[in-house]
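User: Could you walk me through this model before I start making figures? I'd like to go from the overall layout down to individual residues.

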Amino acid sequence: MTSVALTQARAAKVSRLWREVKRNWVAYVYISPFYILFAVFGFFPIVFSFYLSFTSWTGYGQMDFRGITNYIELFRDKIFLISFWNTIVIWVAAHVPMILIALALAFILNSGLVKLSRLFQAIYFTPMVTSSVAVAFVFMTMYGVRFGLINYVLTSLGLQPIDWWGGTGFWIKPAIILLFVWRWTGWNMVIYLAGLQGIDAELYDAAKIDGASYPQLFRYIALPLLKPIILFSLILSFVGGITIFDEPYLLTWMQTLGGTNYAGLTMSLYLYTEGFQRGHLGYASAMAYVICFIIVILSAVNIKLFGRPAGSA
Amino acid sequence: MMSARLKTRQSRTAVGQALSKIILYVIVIIGAVLSFLPFYWMLVLATHSTQTIFHYPPPLLPGNHLVANYLNMLKVIPFWKNFLNSLIVASVTTFLTLLFCSMGGYAFAIYRFPGRNQLFSLMLGTMMVPSLVMLIPWFIVISRIGWINDLKALIVPGAVSAFGIFWMRQYVLANISAELVDAARVDGCSEFAIFFRIIAPLLKPAYGALGIMTFMGSWNAFFYPLVVLKKVEVATLPLALQILRGDPYRGGDYGVLMFGTALAMLPILIAFWAASRQFISGLTAGALKG
């Protein structure tokens with residue numbers, strides 16, 4: 001008797017569920033494009049990539065299963081370790097000056113002492129709307145060793161010209177970093193400016209009556225209140241920075257593997273070279289998973305250290 | 001302790017005020033010059049021949065080689081075909097993204113359907129996966145479908161995004177009441193008519209911001225076109241520029257290269273300067289509202 005009641009209850013539940021599904025069929029139609037496209041271009045690749053990472057495959061012929069050999073080789077691969085180090089160095093060295101400049105400019109524009117704030121904002125923002133390719137080409141011509149604009153300025157000032165791509169490869173990273181900072185400072189500045197504009201003007205006024213100078217207003221009022229916004233923008237730019245590809249690829253394209261001494265080789269660039277130019281699809285897939293793992297770990301550390309910024313989802 | 005330090009500051013004179021104002025102006029103007037200098041340099045080189053570019057001192061004023069650079073560029077890449085390719089990819093991707101994301105966001109915000117929370121969490125989860133993990137099998141899928149050298153390889157996978165749906169949902173939740181939808185139903189509107197006739201027009205601001213983000217991302221994209229487009233006739237503009245650079249005869253000609261770069265950049269620069277407010281708020285909306 002109980003089993004009959006149970007079956008009936010379950011049947012009623014299922015039919016109620018089914019009724020709900022039918023009543024809301026339009027909602028499923030509306031959300032279906034995402035799930036269909038994700039299944040084909042997202043879910044399947046994620047799974048297949050995982051499988052590939054245990055094989056050696058060049059895209060044709062047989063797929064040889066080789067266990068975790070790819071992963072072991074990866075950790076012994078000096079070039080991969082260099083690319084990991086390069087990626088971190090470029091990320092940090094680009095973000096520190098970028099945040100400082102963006103903060104200073106945002107604070108100045110917010111102070112009301114400078115007119116035409118809108119115009120300056122638009123000017124600073126312009127580099128970000130252009131394509132990475134266009135921007136890289138323009139910088140490449142400025143970085144010209146014998147006829148570039150920067151070396152012209154340096155020699156006019158009586159300084160040594162920079163051998164951007166040669167020597168020990170030291171200047172390759174600064175070349176990438178300078179381009180990155182130039183392109184993204186304006187974007188960060190606008191974000192910080194929006195944060196500053198959200199700060200109650202009365203706070204400034206009260207501090208000004210107490211005789212606080214602008215550097216003090218910046219240090220003791222603006223900066224603490226901006227902290228969550230800065231952290232949030234950092235987390236946003238984190239994945240993009242760890243997977244940076246366009247800038248190092250385009251600037252070191254004349255050379256191989258990131259230029260002299262692999263100085264410009266980032267993890268994405270190495271993955272691209274292994275996967276698409278050398279056809280080591282299994283090895284490149286293992287690399288993709290390791291990079292993904294690094295991102296997850298570093299994001300977790302990020303969130304642990306700084307906490308979830310207030311106001312974010 | 002701090003107030004003692006502050007008191008000494010109170011004796012600041014008007015001269016000091018004016019001086020700090022001048023310093024601030026100098027800083028923001030230097031920033032503006034540095035932001036603009038590369039664009040100016042690009043325009044200058046675009047008007048010069050290799051002879052005058054590879055010369056000491058380098059040219060700092062426009063030259064007279066503009067037309068020659070244009071004609072030389074056309075010898076290597078079919079610029080206007082590439083322009084059209086970029087326009088097609090960016091417009092169609094943007095149109096589909098706006099359509100699908102607003103539909104999805106609206107569904108998640110208004111309907112209470114079985115599985116809604118699970119499906120939504122799944123979608124948010126996909127945003128956490130770096131696209132690098134999918135790259136190689138993604139390429140294999142594209143080549144098996146036969147979309148290598150086909151613009152569909154860029155349009156179809158980019159036609160909807162988890163971020164866009166999430167963003168549209170937030171907008172619908174904040175701006176559209178469920179009563180409005182119910183009232184329309186009582187009036188006998190069909191479900192599709194409610195969305196396309198009543199809701200969609202109310203989403204204009206959200207369409208604007210997401211549209212600018214999507215269009216710009218698509219117009220400027222380099223990596224995915226590099227992976228799937230192998231012929232110059234199907235290349236989008238950024239890829240065509242890279243092909244121009246790789247040309248054994250004209251690749252080293254900075255005048256030609258900068259001309260192509262400038263011409264490719266011009267439409268987006270004009271659009272940006274015509275509507276910089278909308279661009280800036282659209283392109284930072286993800287960071288400010290996310």
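**Walking through the model**

Analyst: To start with one local detail of this predicted model, helix 7 of chain B is followed by B:Gly146, which has a positive phi near 90 degrees.

User: And what's buried in that helix 7 of chain B?

Analyst: The buried residues of helix 7 of chain B are B:Leu135, B:Ile136, B:Pro137, B:Trp138, B:Phe139 and B:Ile142.

User: Where does B:Asn149 lie, and what is its phi?

Analyst: B:Asn149 sits in the loop between helix 7 (135-145) and helix 8 (152-155) of chain B, and its phi is positive, near 65 degrees, in a residue other than glycine. As background, most residues other than glycine have a negative phi. B:Asn149 counts as partly exposed, because it has 14 C-beta neighbours inside 10 Å.

User: OK, switching to chain A. What's its secondary structure, and how spread out is it?

Analyst: Chain A comes to 13 helices and 2 strands. Its radius of gyration is 26 Å, well over the 20 Å that the globule rule gives for 313 residues, so chain A is more spread out than a compact globule. Taken along the principal axes, the C-alpha atoms of chain A fill a box of roughly 95 × 60 × 35 Å.

User: What domains does the assignment give, and how far apart are their centres?

Analyst: The domain assignment of chain A gives domain 1 (2-38) and domain 2 (76-306), and the C-alpha centres of these two domains lie 49 Å apart.

User: How confident is the prediction for chain A?

Analyst: The mean pLDDT of chain A is 85, with 97% of its residues reaching 70 or more. Over residues 309-313 of chain A, however, the pLDDT is below 50, and this stretch has 8 contacts in the model beyond near neighbours in sequence.

User: How many residues does each chain put into the contact between A and B?

Analyst: The contact takes 79 residues from chain A and 76 residues from chain B. On the side of chain A that touches chain B, the largest share, 18 residues, comes from helix 2 (residues 25-52) of chain A. That side of chain A divides into 58 nonpolar, 18 polar and 3 charged residues.

User: And the largest nonpolar core, which residues have the most contacts inside it?

Analyst: The largest nonpolar core has 166 residues, and those with the most contacts inside it are A:Ala106, A:Ala136, A:Tyr192, A:Met287, A:Ala288 and B:Tyr106. Helix 8 (residues 172-197) of chain A gives the largest share of this core, 15 residues, and the core draws at least three residues from each of domain 1 (2-38) and domain 2 (76-306) of chain A.

User: Which residues does A:Tyr192 touch?

Analyst: Not counting residues up to four places away in sequence, A:Tyr192 touches A:Ala102, A:Leu103, A:Ala106, A:Leu226 and A:Ile229.

User: What about A:Ser53, is it buried or exposed?

Analyst: A:Ser53 counts as buried, because it has 23 C-beta neighbours inside 10 Å, where the cut-off for buried is 20 or more. A:Ser53 is found in the loop between helix 2 and strand 1 (55-56) of chain A. Leaving aside neighbours within four places in sequence, A:Ser53 is in contact with A:Asn70, A:Gly282, A:Ser285, A:Ala286 and A:Tyr289. A:Ser53 and A:Tyr35, by comparison, are 18 residues apart in sequence and 25 Å apart in space, C-alpha to C-alpha.

User: How many residues of helix 12 in chain A are buried, and which ones?

Analyst: Helix 12 (residues 267-277) of chain A is mostly covered, with 8 of its 11 residues buried, namely A:Met267, A:Ser268, A:Leu269, A:Tyr270, A:Leu271, A:Tyr272, A:Glu274 and A:Gly275. Helix 12 of chain A is followed by A:Gly279, whose phi is positive, near 70 degrees.

User: How far is A:Leu271 from A:Ile88?

Analyst: A:Ile88 and A:Leu271 are 183 residues apart in sequence and 16 Å apart in space, C-alpha to C-alpha. A:Ile88 is placed in helix 4 of chain A and counts as partly exposed, with 16 C-beta neighbours inside 10 Å.

User: Last one: where is A:Leu116, and what is its phi?

Analyst: A:Leu116 is in the loop between helix 4 (78-110) and helix 5 (117-129) of chain A, and A:Leu116 has a positive phi of about 60 degrees although it is not a glycine. A:Leu116 is partly exposed, with 13 other C-beta atoms within 10 Å.

Notes. Residues numbered from 1 in each chain as written. Chains lettered and ligands numbered in written order. Predicted model: local features only at pLDDT ≥ 70, side-chain atom pairs only at ≥ 80, totals over all residues. Domains from an automatic or database assignment. Contact = placed C-beta atoms within 7 Å. Helix = DSSP H or I, 4+ residues; strand = E, 2+ residues; numbered from the N terminus. Nonpolar A, V, L, I, M, F, W, Y, C, P; charged D, E, K, R; others polar. Rg over C-alpha atoms; globule rule 2.2 N^0.38 Å. Core = buried A, V, L, I, M, F, W, Y, C linked by C-beta atoms within 7 Å. Buried ≥ 20, exposed ≤ 12 C-beta atoms within 10 Å, placed from the backbone. pLDDT = per-residue confidence, 0-100.
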